[in-house]
Amino acid sequence: MTIRVLIADDQMMVREGFSVLLNAMPDIEVVGEAVNGREAVAKVRELAPDVVLMDIRMPELNGIEATREIVAADDAAKVLVLTTFDLDEYVYQALRAGASGFLLKDASARQLADGVRVVASGEALLAPSVTRRLITEFSKLSEKPRLMPSAQAAYGDLTERETEVLVLIAQGLSNSEIAERLVVAESTIKTHVSRILVKLGLRDRTQAAVFAYEARLVTPG
């Protein structure tokens, strides 16, 4: 199936460049472009793309607020945040708002396409060590966990194994890597991940990783 992508960026050269790169892929199609966050929200409603490439710094409505609105309107929406540098506090805020991961704007064509495919498949773009560093760095900004009361209450419902899996997710391990670490079948890990997300009321692995850091299950640093 073709992955339908919307590109939201206020720089025309960025939009056109990414469009050319992605449309060259046999399994990806750019279905629309937006020049600001407000237009991105509207075009997501109109075009229902599989993945939104979202710049953070845009006029009228920034990428963080646009991401929050898109995710609130459609829980299945997948947003991949674009940034010019990895340790960007706004990227962390976007992850908390519901983005499924982020990419640097200087990513190669292959990295860009692979990032879109990963997010479209329902996974989070957590594998790069830079993402783990970003989450770690900006979880330090709060001395106390910033968990939603509902999530904080639900945390006690996790089993010991589910907590163990949650920590490994936050460390950036894939299902297969977690299965290998815990010496169990990958299907078992998938079940654990699904149960963790349901119990904590989280959207995806990115949200689970943010939760783990903010709950101090993983020590920042």
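Me: What makes E3 and strand E4 (residues 79-83) a pair in this predicted model?
Reply: Two strands pair if DSSP finds at least two bridges between them. E3 and E4 are joined over 4 bridges, so they meet that cut-off. Their pairing is in the parallel sense, and one spot to look at is Leu53, which stands opposite Leu80 in E4.

Me: And how do you know that E1 pairs with E3 and with E2?
Reply: 4 bridges join E1 to E3, and 6 bridges join strand E1 (residues 3-8) to E2. The cut-off is at least two bridges, so both count as pairs. E1 runs parallel to E3 and parallel to E2. For examples, Ala8 stands opposite Met54 in E3, while Ile7 has Glu33 in E2 as its bridge partner.

Me: Why are E2 and E5 said to stand at the edges?
Reply: Follow the order of the open sheet of 5 strands: E2-E1-E3-E4-E5, with parallel pairing. Strand E2 (28-34) and strand E5 (101-104) each have a single partner strand, so one side of each is left without a neighbour in the sheet. Neighbouring strands here are turned by 25 degrees against each other on average, direction ignored.

Me: What makes strand E3 (residues 51-55) largely enclosed?
Reply: Buried means under 20% relative accessible area. In E3, 5 of the 5 residues pass that test, so the strand is largely enclosed by the rest of the structure. Both faces are covered: Val51, Leu53 and Asp55 are buried on one side, Val52 and Met54 on the other. In a regular strand the side chains alternate between the two faces of the sheet.

How values were computed
Residues numbered from 1 in each chain as written. Predicted model: local features only at pLDDT ≥ 70, side-chain atom pairs only at ≥ 80, totals over all residues. Heavy atoms only, no water. Helix = DSSP H or I, 4+ residues; strand = E, 2+ residues; numbered from the N terminus. Axes fitted to C-alpha atoms, helices over the stretch in contact; angles between N-to-C directions. Buried < 20%, exposed > 50% of the residue type's maximum accessible area, 1.4 Å probe, protein only.
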